[in-house]
Amino acid sequence: MALFDWGTYNGKSKLHVAELLGMRLTEIPPYDFTRRKFGEEYFREYAELSKAFFTVTAHAPYYSTVSEDRRVLEGARRGLISSAKKAEIANAEIFNMHLGGKLDDLDKTIEIASETVREILRNTERIKVSLETTYSKYLLGSLEEVRAIIESLNSDRVIVSLQLENDWMREKNVYRTGLFSIADRETDEKFWFGILKEALDICPDYLSLRFSQITGVKLRGMVVKKRVPLGMGYPNVEVLVKALAKFVVKEIHEENLPTEIHLIYTGLPENKYVDCVKLYSMLSNELVPYLQ
(Lines give C-alpha, C1' and ligand atoms only; values in the text may rest on other atoms or scores of the structure.)
Protein backbone atom coordinates (compact mmCIF):
# COMPACT_ATOMS: atom_id res chain seq x y z
CA MET A 1 0.00 0.00 0.00
CA ALA A 2 1.22 3.51 -0.81
CA LEU A 3 0.55 5.68 2.26
CA PHE A 4 0.51 8.60 1.08
CA ASP A 5 1.79 9.84 -2.24
CA TRP A 6 1.39 13.59 -1.94
CA GLY A 7 2.11 16.67 -3.98
CA THR A 8 0.68 19.31 -6.28
CA TYR A 9 0.56 20.35 -9.94
CA ASN A 10 3.82 21.40 -11.61
CA GLY A 11 4.82 22.51 -15.07
CA LYS A 12 8.10 21.09 -16.31
CA SER A 13 10.11 24.13 -15.20
CA LYS A 14 8.94 23.74 -11.57
CA LEU A 15 9.57 20.04 -11.07
CA HIS A 16 12.83 20.75 -9.27
CA VAL A 17 10.95 22.76 -6.61
CA ALA A 18 8.56 19.91 -5.76
CA GLU A 19 11.43 17.42 -5.81
CA LEU A 20 13.51 19.51 -3.40
CA LEU A 21 10.54 19.81 -1.03
CA GLY A 22 10.23 16.02 -0.88
CA MET A 23 6.92 15.64 -2.68
CA ARG A 24 6.28 12.11 -3.92
CA LEU A 25 3.73 13.12 -6.58
CA THR A 26 3.54 15.64 -9.39
CA GLU A 27 0.61 16.44 -11.66
CA ILE A 28 0.85 17.84 -15.19
CA PRO A 29 -1.47 20.89 -15.21
CA PRO A 30 -4.32 21.17 -17.74
CA TYR A 31 -2.90 24.19 -19.56
CA ASP A 32 0.18 22.19 -20.59
CA PHE A 33 -2.09 20.19 -22.91
CA THR A 34 -3.62 23.23 -24.61
CA ARG A 35 -0.42 25.13 -25.48
CA ARG A 36 0.43 24.49 -29.10
CA LYS A 37 4.15 24.97 -28.48
CA PHE A 38 4.08 22.00 -26.06
CA GLY A 39 4.40 19.07 -28.45
CA GLU A 40 5.35 15.48 -27.71
CA GLU A 41 8.95 16.46 -26.94
CA TYR A 42 7.80 18.53 -23.97
CA PHE A 43 6.08 15.50 -22.48
CA ARG A 44 9.09 13.25 -23.12
CA GLU A 45 11.20 15.76 -21.23
CA TYR A 46 8.61 15.84 -18.45
CA ALA A 47 8.95 12.05 -18.14
CA GLU A 48 12.74 12.34 -17.83
CA LEU A 49 12.63 15.13 -15.27
CA SER A 50 9.92 13.53 -13.12
CA LYS A 51 11.70 10.24 -12.43
CA ALA A 52 12.25 11.22 -8.79
CA PHE A 53 8.48 11.10 -8.18
CA PHE A 54 6.74 7.88 -7.24
CA THR A 55 3.51 8.96 -8.97
CA VAL A 56 2.89 11.20 -11.96
CA THR A 57 -0.67 12.24 -12.73
CA ALA A 58 -2.12 14.53 -15.40
CA HIS A 59 -5.10 16.88 -15.31
CA ALA A 60 -7.06 16.88 -18.56
CA PRO A 61 -8.03 20.20 -20.20
CA TYR A 62 -11.53 21.38 -19.40
CA TYR A 63 -13.52 19.76 -22.22
CA SER A 64 -16.98 18.47 -21.42
CA THR A 65 -17.54 14.75 -21.91
CA VAL A 66 -21.18 15.34 -22.87
CA SER A 67 -22.89 17.38 -25.60
CA GLU A 68 -25.93 17.00 -27.84
CA ASP A 69 -24.00 18.82 -30.58
CA ARG A 70 -22.10 16.09 -32.45
CA ARG A 71 -19.41 18.45 -33.74
CA VAL A 72 -18.76 19.87 -30.27
CA LEU A 73 -18.65 16.39 -28.76
CA GLU A 74 -16.28 15.03 -31.40
CA GLY A 75 -13.97 18.03 -30.95
CA ALA A 76 -13.90 17.53 -27.17
CA ARG A 77 -13.18 13.83 -27.59
CA ARG A 78 -10.32 14.53 -29.98
CA GLY A 79 -8.85 16.98 -27.50
CA LEU A 80 -9.14 14.57 -24.58
CA ILE A 81 -7.68 11.66 -26.54
CA SER A 82 -4.76 13.77 -27.72
CA SER A 83 -4.12 14.94 -24.15
CA ALA A 84 -4.30 11.41 -22.74
CA LYS A 85 -1.77 10.23 -25.31
CA LYS A 86 0.58 13.05 -24.32
CA ALA A 87 0.07 12.14 -20.66
CA GLU A 88 1.20 8.59 -21.45
CA ILE A 89 4.30 9.94 -23.19
CA ALA A 90 5.03 11.83 -19.95
CA ASN A 91 4.71 8.51 -18.11
CA ALA A 92 1.63 9.64 -16.17
CA GLU A 93 -0.20 6.90 -14.32
CA ILE A 94 -3.52 8.75 -14.04
CA PHE A 95 -5.42 11.10 -16.36
CA ASN A 96 -7.88 13.13 -14.27
CA MET A 97 -11.01 14.54 -15.92
CA HIS A 98 -13.83 16.93 -15.16
CA LEU A 99 -17.00 15.43 -16.62
CA GLY A 100 -18.70 18.75 -17.39
CA GLY A 101 -22.39 19.52 -17.76
CA LYS A 102 -25.30 17.16 -18.10
CA LEU A 103 -28.47 16.91 -20.16
CA ASP A 104 -32.06 16.78 -18.92
CA ASP A 105 -31.98 13.04 -19.59
CA LEU A 106 -29.58 11.61 -17.02
CA ASP A 107 -29.46 8.13 -18.57
CA LYS A 108 -28.46 9.63 -21.91
CA THR A 109 -25.89 11.81 -20.13
CA ILE A 110 -24.30 8.76 -18.47
CA GLU A 111 -24.28 6.92 -21.81
CA ILE A 112 -22.53 9.75 -23.69
CA ALA A 113 -19.99 10.39 -20.91
CA SER A 114 -19.23 6.66 -20.72
CA GLU A 115 -18.60 6.53 -24.47
CA THR A 116 -16.24 9.52 -24.21
CA VAL A 117 -14.21 7.73 -21.54
CA ARG A 118 -14.35 4.50 -23.56
CA GLU A 119 -12.82 6.31 -26.54
CA ILE A 120 -9.95 7.50 -24.35
CA LEU A 121 -9.36 3.94 -23.14
CA ARG A 122 -9.40 2.61 -26.72
CA ASN A 123 -6.78 5.12 -27.81
CA THR A 124 -4.38 4.68 -24.89
CA GLU A 125 -2.50 1.69 -23.56
CA ARG A 126 -2.12 1.80 -19.80
CA ILE A 127 -3.14 5.11 -18.25
CA LYS A 128 -5.96 5.13 -15.70
CA VAL A 129 -8.76 7.65 -16.15
CA SER A 130 -9.99 9.27 -12.94
CA LEU A 131 -13.41 10.91 -12.94
CA GLU A 132 -13.45 13.96 -10.71
CA THR A 133 -16.42 14.72 -8.48
CA THR A 134 -18.20 18.03 -8.96
CA TYR A 135 -19.51 20.71 -6.60
CA SER A 136 -23.06 21.01 -8.00
CA LYS A 137 -25.86 18.60 -8.74
CA TYR A 138 -26.49 20.65 -11.88
CA LEU A 139 -23.20 19.29 -13.25
CA LEU A 140 -22.17 15.70 -13.95
CA GLY A 141 -20.02 14.20 -11.24
CA SER A 142 -21.86 13.16 -8.10
CA LEU A 143 -20.60 9.96 -6.53
CA GLU A 144 -23.71 8.15 -7.76
CA GLU A 145 -23.15 9.36 -11.33
CA VAL A 146 -19.45 8.49 -11.28
CA ARG A 147 -20.33 5.03 -9.99
CA ALA A 148 -22.81 4.56 -12.86
CA ILE A 149 -20.17 5.49 -15.46
CA ILE A 150 -17.57 3.19 -13.92
CA GLU A 151 -20.02 0.29 -13.76
CA SER A 152 -21.03 0.92 -17.37
CA LEU A 153 -17.40 0.74 -18.52
CA ASN A 154 -16.42 -2.22 -16.32
CA SER A 155 -12.71 -1.42 -16.60
CA ASP A 156 -10.03 -1.43 -13.91
CA ARG A 157 -8.53 1.58 -15.71
CA VAL A 158 -11.37 3.90 -14.60
CA ILE A 159 -11.45 5.24 -11.03
CA VAL A 160 -13.15 7.96 -8.99
CA SER A 161 -11.26 11.05 -7.83
CA LEU A 162 -12.68 12.96 -4.88
CA GLN A 163 -12.30 16.73 -5.12
CA LEU A 164 -13.10 16.96 -1.45
CA GLU A 165 -14.31 20.57 -1.23
CA ASN A 166 -16.60 19.82 -4.19
CA ASP A 167 -18.07 16.84 -2.36
CA TRP A 168 -18.65 19.06 0.65
CA MET A 169 -20.37 21.77 -1.41
CA ARG A 170 -22.54 19.25 -3.22
CA GLU A 171 -23.61 17.09 -0.29
CA LYS A 172 -24.14 20.03 2.06
CA ASN A 173 -26.14 21.91 -0.63
CA VAL A 174 -23.75 24.87 -0.49
CA TYR A 175 -23.86 25.02 -4.30
CA ARG A 176 -27.53 25.95 -3.91
CA THR A 177 -27.70 27.94 -0.65
CA GLY A 178 -24.33 29.72 -0.56
CA LEU A 179 -24.32 29.23 3.23
CA PHE A 180 -20.64 28.31 3.55
CA SER A 181 -20.25 29.14 7.25
CA ILE A 182 -23.39 27.35 8.42
CA ALA A 183 -22.58 24.22 6.42
CA ASP A 184 -19.05 24.24 7.80
CA ARG A 185 -20.29 24.31 11.39
CA GLU A 186 -22.47 21.28 10.61
CA THR A 187 -19.60 19.26 9.09
CA ASP A 188 -17.99 16.65 11.32
CA GLU A 189 -15.67 13.66 10.92
CA LYS A 190 -18.67 11.37 10.34
CA PHE A 191 -19.53 13.32 7.19
CA TRP A 192 -16.04 12.84 5.74
CA PHE A 193 -16.03 9.15 6.69
CA GLY A 194 -19.20 8.69 4.65
CA ILE A 195 -17.67 10.34 1.56
CA LEU A 196 -14.43 8.37 1.85
CA LYS A 197 -16.20 5.04 2.43
CA GLU A 198 -18.37 5.52 -0.64
CA ALA A 199 -15.33 6.28 -2.80
CA LEU A 200 -13.47 3.25 -1.44
CA ASP A 201 -16.51 1.10 -2.17
CA ILE A 202 -16.51 2.29 -5.78
CA CYS A 203 -12.74 1.80 -6.24
CA PRO A 204 -11.17 -0.33 -3.49
CA ASP A 205 -7.79 -0.38 -5.26
CA TYR A 206 -7.26 3.38 -5.44
CA LEU A 207 -8.21 6.28 -3.19
CA SER A 208 -7.59 9.42 -5.25
CA LEU A 209 -8.00 12.61 -3.24
CA ARG A 210 -7.78 16.28 -4.22
CA PHE A 211 -8.30 19.33 -2.01
CA SER A 212 -8.19 23.09 -1.73
CA GLN A 213 -10.15 25.45 0.46
CA ILE A 214 -12.71 27.76 -1.08
CA THR A 215 -15.03 30.63 -0.39
CA GLY A 216 -17.76 32.26 -2.44
CA VAL A 217 -21.02 34.13 -2.64
CA LYS A 218 -24.50 33.54 -3.96
CA LEU A 219 -24.95 35.79 -6.99
CA ARG A 220 -28.17 35.95 -9.04
CA GLY A 221 -29.27 32.57 -7.79
CA MET A 222 -25.91 30.93 -8.51
CA VAL A 223 -23.08 30.20 -6.10
CA VAL A 224 -19.77 31.54 -7.38
CA LYS A 225 -16.81 29.85 -5.67
CA LYS A 226 -13.12 30.62 -5.66
CA ARG A 227 -10.01 28.96 -4.28
CA VAL A 228 -8.26 30.62 -1.35
CA PRO A 229 -5.04 29.98 0.60
CA LEU A 230 -5.11 27.14 3.11
CA GLY A 231 -6.60 28.28 6.41
CA MET A 232 -8.64 31.09 4.87
CA GLY A 233 -11.70 29.28 3.57
CA TYR A 234 -13.99 26.28 3.71
CA PRO A 235 -14.41 23.45 4.57
CA ASN A 236 -12.54 23.27 7.88
CA VAL A 237 -9.20 21.61 7.14
CA GLU A 238 -8.62 20.45 10.74
CA VAL A 239 -11.81 18.38 10.76
CA LEU A 240 -10.95 16.96 7.35
CA VAL A 241 -7.39 15.83 8.20
CA LYS A 242 -8.54 14.23 11.48
CA ALA A 243 -11.15 12.20 9.60
CA LEU A 244 -8.78 11.34 6.77
CA ALA A 245 -6.00 10.14 9.08
CA LYS A 246 -8.40 7.96 11.05
CA PHE A 247 -9.96 6.56 7.89
CA VAL A 248 -6.66 5.68 6.26
CA VAL A 249 -5.40 3.86 9.35
CA LYS A 250 -8.61 2.18 10.52
CA GLU A 251 -10.32 1.40 7.21
CA ILE A 252 -7.31 0.71 4.98
CA HIS A 253 -4.06 0.16 6.89
CA GLU A 254 -5.44 -2.02 9.71
CA GLU A 255 -7.67 -3.89 7.27
CA ASN A 256 -4.56 -4.63 5.18
CA LEU A 257 -6.23 -3.45 1.98
CA PRO A 258 -4.04 -3.18 -1.14
CA THR A 259 -5.27 0.37 -1.72
CA GLU A 260 -3.02 2.98 -3.32
CA ILE A 261 -3.64 6.47 -1.99
CA HIS A 262 -2.65 9.91 -3.14
CA LEU A 263 -3.44 13.43 -2.03
CA ILE A 264 -3.08 16.31 -4.49
CA TYR A 265 -3.22 19.91 -3.31
CA THR A 266 -5.11 21.95 -5.91
CA GLY A 267 -4.96 25.45 -4.41
CA LEU A 268 -3.79 28.77 -5.79
CA PRO A 269 -0.51 28.79 -7.77
CA GLU A 270 1.06 31.55 -5.68
CA ASN A 271 0.52 29.63 -2.42
CA LYS A 272 0.62 26.03 -3.58
CA TYR A 273 4.04 24.93 -2.30
CA VAL A 274 3.66 26.45 1.18
CA ASP A 275 0.08 25.20 1.48
CA CYS A 276 0.82 21.72 0.11
CA VAL A 277 3.61 21.17 2.65
CA LYS A 278 1.39 22.58 5.41
CA LEU A 279 -1.50 20.27 4.47
CA TYR A 280 0.65 17.16 4.44
CA SER A 281 2.30 18.18 7.71
CA MET A 282 -1.13 18.51 9.33
CA LEU A 283 -2.11 15.10 8.04
CA SER A 284 1.15 13.49 9.16
CA ASN A 285 0.67 14.88 12.68
CA GLU A 286 -2.74 13.23 12.82
CA LEU A 287 -1.42 9.92 11.44
CA VAL A 288 1.49 9.48 13.87
CA PRO A 289 -0.53 8.72 17.05
CA TYR A 290 -2.39 5.91 15.25
CA LEU A 291 0.83 4.33 14.01
CA GLN A 292 2.93 4.36 17.19
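My notes on the fold, the core and the cavity follow.

I kept in mind that this is a predicted model, where local features need pLDDT of at least 70, side-chain atom pairs count only at pLDDT 80 or more, and totals for chains, interfaces and linings use all residues. Residues are numbered from 1 along each chain as its sequence is written, and side-chain values use heavy atoms, with hydrogens and water left out.

**Fold.** I found 11 helices and 10 strands in the protein chain (DSSP runs, H or I of at least four residues for helices and E of at least two for strands, numbered from the N terminus). Along the principal axes, the C-alpha atoms fill a box of roughly 50 × 45 × 40 Å.

**Core.** I looked up burial next: 53% of the 292 residues are buried (under 20% relative accessible area, 1.4 Å probe, protein chains only). The largest nonpolar core holds 90 residues, and Phe4, Phe95, Leu131 and Leu209 have the most contacts inside it. Such a core is a set of buried Ala, Val, Leu, Ile, Met, Phe, Trp, Tyr and Cys residues joined through side-chain atoms within 4.5 Å. Helix H10 (residues 237-253) gives the most to this core, 10 residues.

**Phe4.** Beyond its neighbours within four places in sequence, I see Phe4 in contact (heavy atoms within 4.5 Å) with residues including Arg24, Leu209, Leu244 and Leu263.

**Cavity.** Which residues line the largest cavity? I listed Leu164, Phe211, Leu240, Val241, Leu244, Leu263 and Leu279. H10 supplies the largest share of that lining, three residues. A cavity here is a set of points on a 1 Å grid over the protein atoms alone where a 1.4 Å probe fits but cannot get out, and lining residues have an atom within 4 Å of a point.

Terms used
Buried < 20%, exposed > 50% of the residue type's maximum accessible area, 1.4 Å probe, protein only. 1 Å grid on protein atoms, 1.4 Å probe; cavity = no way out; pocket = protein on both sides within 12 Å on 5 of 7 lines; lining within 4 Å.
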